[in-house]
Amino acid sequence: MSEYDDQFNLRKRHPFGRAHLLINGLQSYLATQTLRNSLDISYGDSSGEKVDIFPAKSPSAPVFVFIHGGYFRALDKKQYRYIAKPFVEAGCTVALVNYDLAPAVSVKEIIEQNIKAFLWIYKNIDRWNGNPNNIVICGHSVGAFLVAKILESEWTPEVRSSISGAIMLSGLYDLTKMRQSYLNESLRLTEDDVTNLSPIFGDIRCFTKAIVAVGDDETAEFIDQSKRYCGKLQQTNSPYEYILLKNRNHYTVSRMLSSRNNDLMNKILDICGVN
């Protein structure tokens, strides 16, 4: 057993997390029944390369893109469809991204898939009333890692300027300890992967307004990584806001996206331009 296992074993730390996942599933089902949607649209050739889209009622709407977590090896966008309701009601088009999971694919391939997904959304979202020049990308847990990798990518000036904001919730940005934990049985990370793939060691290019948020009831590793990533943003004079969310854990942070009745959502909607 690794000394780091407890930092990543969230179900053990938060046994009621399963209840939140059940609520997610129920509210996600209701979202598909009450909102217009296009589900499981392919952005690539593999079975995991799918996106769900919930269009705004009016054209040229801000686009909110959500990337789920699950340590690269679990979960699915369908568990987060509930996020669409408050954003669509506020006037956004919402896109939820799926990707193939480890160990069937590597972390490097997962990164590449999410970059492909973002570019596909940029090129096609106008068909669902989305404004491709006003995209806010959000990720939870390793979804935040994937948002950071999208920001790092070498984009053309047009694509780069389309990203209006980046929201990174309960994120991981350094693969070092994940490689030394039970997770690596599935992830199969090498030392080179840690060095070459971790956003904390990369060339941070956060050229847009960023929110980096983490719950104060999360493990020390999650809080430390969020602070360290903000330190990198500060070194590059990137515009960001660090938020330590009171009385929130890894599961309840993402639940904040289910309602407009909290400060985090108000900040996100401000960045989208609909609040």
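The structure is a predicted model. The largest nonpolar core has 63 residues, and the count of disulfides is zero.

**Pairing between strands**

- β1 pairs with strand β2 (residues 50-54) in the antiparallel sense, over three bridges. Within this part of the sheet, S42 has K50 in β2 as its bridge partner.
- Strand β5 (residues 130-140) and β6 run parallel and are joined by six bridges. H140 stands opposite L169 in β6.
- β6 also pairs with β7, in the parallel sense and over five bridges. M168 has V212 in β7 as its bridge partner.
- Six of the seven residues of β6 are buried, so the strand is mostly covered.

- A213 is a residue of strand β7. Its relative accessibility is 0%, so A213 counts as buried.
- Leaving out residues up to four places away in sequence, A213 touches M168, L169, S170, S226, I243, L245 and L264.
- L264 is 51 residues from A213 along the chain, and the C-alpha atoms of the two are separated by 8.7 Å.

**Serine 162**

- S162 lies in helix α7 (residues 157-162).
- S162 counts as buried because its relative accessibility is 0%.
- Beyond its neighbours within four places in sequence, S162 is in contact with F118, Y122, P132, N133, N134 and I135.

**Nonpolar cores**

- In soluble globular proteins, nonpolar side chains tend to be buried together.
- Within the largest core, of 63 residues, those with the most contacts are F72, I137, M168, M178 and Y229.
- Y229 is in contact with A148, L151, M168, Y173, P199, I200, I204 and V212, when its neighbours within four places in sequence are left aside.
- Another core, of 32 residues, lies apart from the largest one. Among its members are A31, F87, C92 and I268.

**Cysteines**

- A disulfide is a covalent bond between the sulfur atoms of two cysteines.
- The model has zero disulfides by the distance rule used.
- Which cysteine sulfur is nearest to that of C92? It is that of C272, at 4.2 Å. The cut-off for a disulfide is 2.5 Å, and C92 is in no disulfide.
- C92 is buried, as its relative accessibility is 0%.
- C230 has a relative accessible area of 4%. Buried means under 20%, so C230 is buried as well.

How values were computed: Residues numbered from 1 in each chain as written. Predicted model: local features only at pLDDT ≥ 70, side-chain atom pairs only at ≥ 80, totals over all residues. Heavy atoms only, no water. Pairing = 2+ DSSP bridges. Helix = DSSP H or I, 4+ residues; strand = E, 2+ residues; numbered from the N terminus. Buried < 20%, exposed > 50% of the residue type's maximum accessible area, 1.4 Å probe, protein only. Contact = heavy atoms within 4.5 Å. Core = buried A, V, L, I, M, F, W, Y, C linked by side-chain atoms within 4.5 Å.
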